[in-house]
Amino acid sequence: MCESEQRRVRVELGKDSYDIVIGQGLEEEIIAFVRAQGYSRKALVVTDTNVGPRYGTQTVRLLERAGLSPLCVTVSAGEPSKSLSVAEDIYTRVIEHGLDRRSPVFALGGGVVGDLAGFIASTYMRGVPFVQLPTSLLAQVDSSVGGKVAVNHALGKNLIGCFYQPDAVFIDLDLLETLPAREISTGLGEIIKYGIIYDESFFAFLEQQRQDILALAPATARHMIARSCEIKAAVVSQDEREAGLRRILNFGHTMAHAIEQETGYVRYNHGEAVAIGMVGAADISCALGLIEAPVVRRVHDLIAALGLPTQAEGCSVDAMYEEIFHDKKTVNGSVHWVLMDRIGHTQVRSDVPEAVVRQAMARIVGLA
Ligand SMILES: NC(=O)c1ccc[n+]([C@@H]2O[C@H](COP(=O)([O-])OP(=O)(O)OC[C@H]3O[C@@H](n4cnc5c(N)ncnc54)[C@H](O)[C@@H]3O)[C@@H](O)[C@H]2O)c1
Ligand SMILES: [Zn+2]
């Protein structure tokens, strides 16, 4: 594959800066990168039961060609693997395998594997090198960028974790071929979000390229993923530890969390809940006079055109309203709503009247 068909996005974080490489079949790039790092020979690959059988062996062989001796650990696919008990089992395996301070950890999987492997990399021996090989669209455009790693606690998601940057992220578009359609749509929810919060021309690109996006045509997918990474990287570079700007990444997420909670994390996957939440946030923005109705329609239509839901079935307004005060982003009872004042730009407001929120929720659940 020729160079021009690759994209490279630099995440600028001072001494923790790193590159995201996006292309098809990145074997040679990965081998050259690993050889240049001076890692210890013993390494860890974390993957899951859907990804491991498909891509585990080829990844281990690739790392062996780069001079490593990897231990491959396969966890059960799904959110419950993001736990301290699974992490503890993996610590045992890596200690037995003899990994040392310069042993790299590779995350080969979706966001669950990325968050878990990153958590292990950040804690084992007070931190060992970490490389992301994201295989789901969500992981490629969202969870592998930004350096948040975590496991869940029985009382809440992502409560045990830290900020820990990888040495590199390699995004191989070919891996998406086996990703189920619904997992594609969860990634698209976050991708649409980037257009809304940061880049109107990217939003317009998504509107125009609908067919190629849904088919994941290589040139379109490459641009869509690279631009999403650039936008997340730009936001994160300005606010690594979520003190301010990074909040805009939560556009659509306040209502999304309420929807996920209300539907037991089963009916809607995360990107679908975000899609519905973005319609709600656009609606609130319109009610406050920040945007006009045709802009809300544009947001709604793109979400629907890319196969995502715009209404939440099985949710009650009262329960959703209650739920937004339990979100961990709600501080001292005040909800910071990320709203839009045009496509490509946001405003954070904590003065949204209850009636406006309830009205938007009523529309989302189909009551208004
Ligand atoms: N760290 C962050 O900043 C951040 C941001 C967003 C989300 N997250 C976390 O990411 C997780 C969600 O990530 P996700 O949506 O990737 O979920 P996931 O890791 O569970 O992957 C989704 C499903 O797709 C499968 N899969 C992945 N790649 C595949 C492939 N190439 N072929 C076939 N099947 C494949 C997985 O096995 C799984 O069943 C959540 O735990 C969330 O908290 C973290
Ligand atoms: Zn999200």
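What you have is a predicted model, so local features need pLDDT of at least 70 and side-chain atom pairs count only at pLDDT 80 or more, while totals for chains, interfaces and linings use all residues. Residues are numbered from 1 along each chain as its sequence is written, and chains are lettered from A and ligands numbered from 1 in the order in which they are written.

Let's start with the overall layout. The protein splits into domain 1 (3-178) and domain 2 (181-241 + 248-364), with bounds that come from an automatic or database domain assignment. Taken over C-alpha atoms, the two centres are 27 Å apart. Where the domains meet, 21 residues of domain 1 are in contact with 23 residues of domain 2 (contact means that C-beta atoms, placed from the backbone, lie within 7 Å). On the domain 1 side, strand E1 (7-11), strand E2 (18-23), helix H5 (137-143) and strand E8 (156-163) each give two or more residues. H5 gives the most, with 5 residues. The element names are DSSP runs numbered from the N terminus, helices being H or I with at least four residues and strands E with at least two. By class, that side of domain 1 has 13 nonpolar, 5 polar and 3 charged residues; here Ala, Val, Leu, Ile, Met, Phe, Trp, Tyr, Cys and Pro count as nonpolar, Asp, Glu, Lys and Arg as charged, and the others, Gly among them, as polar.

Now for strand E6 (residues 130-134). All 5 of its 5 residues are buried, so the strand is largely enclosed by the rest of the structure. Buried means 20 or more other C-beta atoms within 10 Å of the residue's own, exposed means 12 or fewer, and partly exposed is in between, with C-beta atoms placed from the backbone. Phe130, Gln132 and Pro134 point one way from E6, and Val131 and Leu133 point the other way. Strand E5 (residues 105-109) runs parallel to E6 and is joined to it by 5 bridges, with Phe106 opposite Val131. To get from E5 to E6, the chain goes through helix H4 (residues 111-123) in a right-handed β-α-β crossover: with the strands pointing away from the viewer, the path from the first strand over the helix to the second runs clockwise. E6 also pairs in the parallel sense with strand E9 (residues 168-172), over 2 bridges, and there Val131 has Ala168 as its bridge partner. Pairing calls for at least two DSSP bridges between the strands.

Next, ligand 1. It is surrounded by 28 residues, the closest being Asn50, Gly110, Gly111, Ser136 and Ser143 (a residue is near if its C-beta atom, placed from the backbone, lies within 6 Å). H4, H5, E8 and helix H6 (181-198) each give two or more residues to this shell, which has 8 nonpolar, 12 polar and 8 charged residues.

Leu216 sits in the loop between helix H8 (210-214) and helix H9 (218-238), and its phi is near 50 degrees. Asn158 is partly exposed, with 15 other C-beta atoms within 10 Å; Leu216 is partly exposed, with 17.

How values were computed
Contact = placed C-beta atoms within 7 Å.
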